[in-house]
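I set out to record helix packing and pocket linings. The entries follow the order in which I looked things up.

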Amino acid sequence: MACVVVSPDLRAPVVFALETLAVAACYYAGGLLGLLRGLTVDGAVVSPTWPPTGVAVACLLVLGLRCWVGIALGVLLVLMHLTTLQPASLGVLVGNTAAPVCGYLLLRRVGFRTDLTRLRDCLALVFIGAFPAMLISSSVGVGLLVATSDLPGRSFWWVWLAWWVGDAMGVLLVTPMLLVLYRARPPLPWSRWKEAVVLVVVAGGLVPLATHSPASLLFAVYPLLIWVALRFQLAGSMPCALFASVMATIAATDRTGPFERLSDLEVMLNLQAFNGAIALTALLLSAVIAEQRNTRRSVERACQELVEVLEHLTAGEAPPGRPPRDEDGRRWSDTG
């Protein structure tokens, strides 16, 4: 059977092309999901959570800066899906590409770790990679809409706020979820599978009820989110938060439950406040719990090592890696 060997000189461009296409496809798929449900703000339709920004930041953190080409291609595909390309589309493309790239560069500068087991990493994702970095895409995008007269100037700030928070929510809800999936390795631990099944059943019944009930029961989601974060950390809290955000977005766009009698701006503000609160709760609480558990494991390992050293010393033996000594503390001779 013939064997085809790809030379190293050809392998790198092939891998780069495949990565670029994969990133562009994931970005485009996220854009299609984000376009399914939109809020009307001063006549403009804005996605309350824009998943492509989360996809872009996650790809940059995993693959590095070289995947910016795939992000730009994904932005172009989304723009072509929405409207015919115009000169202003180039500005939107640049802004939507530059925002996650700047967020990635800032995160890398502060030593961000993708396992999200430190509180400082979650705080960096919130206050560096999400809210500040996404100012670029919202400012460029809404500014171009006003400059081309596609949006009246009086609507600038409300549409800008919705665009900015929607991009930031994409980073806070989608990026941690993708990083958790990327770091998952089989075999997965099933020691608490019964509790996990119970949590899934409870979430499947409680979250739709809380987000669609006219009795304003959105607060009922938080005990569930805290329970999941305490027991399963980020691997459990982020899917729960994302599910709650999706169900709340459906209720807001359908004007049901707690969003039924609200104006457009009130719906946007209430939904974004809820999404931000559950995202921050899931991220920060999970990080604090993971940090405490890691500290406890480090202390337990140190105590175990100390016990082993004391056992060797009490038995008159030298601990591993150390020369033996007599009762007076002097080193024993090689001959005894």
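Entry 1, pocket. I looked up the lining of the second largest pocket and found at least two residues supplied by each of helix H1 (8–34), strand S2 (44–46), H3, H4, helix H6 (135–147) and helix H7 (156–183). Helices (H or I, at least four residues) and strands (E, at least two) are DSSP runs numbered from the N terminus. The model is predicted, so I note that local features need pLDDT of at least 70 and side-chain atom pairs pLDDT 80 or more, while totals for chains, interfaces and linings use all residues. Residues are numbered from 1 along each chain as its sequence is written, and side-chain values use heavy atoms, without hydrogens and water.

The lining has 31 residues, and Val45, Leu79, Leu82, Leu145 and Trp163 lie nearest the centre of the pocket. A pocket here is an open set of 1 Å grid points where a 1.4 Å probe fits, with protein on both sides within 12 Å along at least five of seven lines; lining residues have an atom within 4 Å of a point. I noted a volume of about 800 Å³, taken as the space filled by probe spheres set on the points. By class, the lining divides into 17 nonpolar, 11 polar and three charged residues. Ala, Val, Leu, Ile, Met, Phe, Trp, Tyr, Cys and Pro count as nonpolar, Asp, Glu, Lys and Arg as charged, and the others as polar.

The axes of H3 (residues 68–82) and H4 (residues 87–109) come within 9 Å and cross at roughly 140°. Axes are lines fitted to C-alpha atoms over the stretch in contact, with angles from 0 to 180 degrees between N-to-C directions. H3 and H4 are therefore oblique to each other. The residues of their contact (heavy atoms within 4.5 Å) divide into 10 nonpolar, three polar and no charged.

I found the axes of H7 and helix H10 (residues 264–314) within 10 Å, crossing at roughly 25°. H7 and H10 are therefore roughly parallel, a term for angles under 35 degrees; over 145 is roughly antiparallel, 65 to 115 roughly perpendicular and the rest oblique. The contact of H7 with H10 has 13 nonpolar, four polar and no charged residues.

Helix H8 (residues 193–212) packs on helix H9 (residues 221–254) at about 35°, with axes 9 Å apart. Their contact has 20 nonpolar, three polar and two charged residues.
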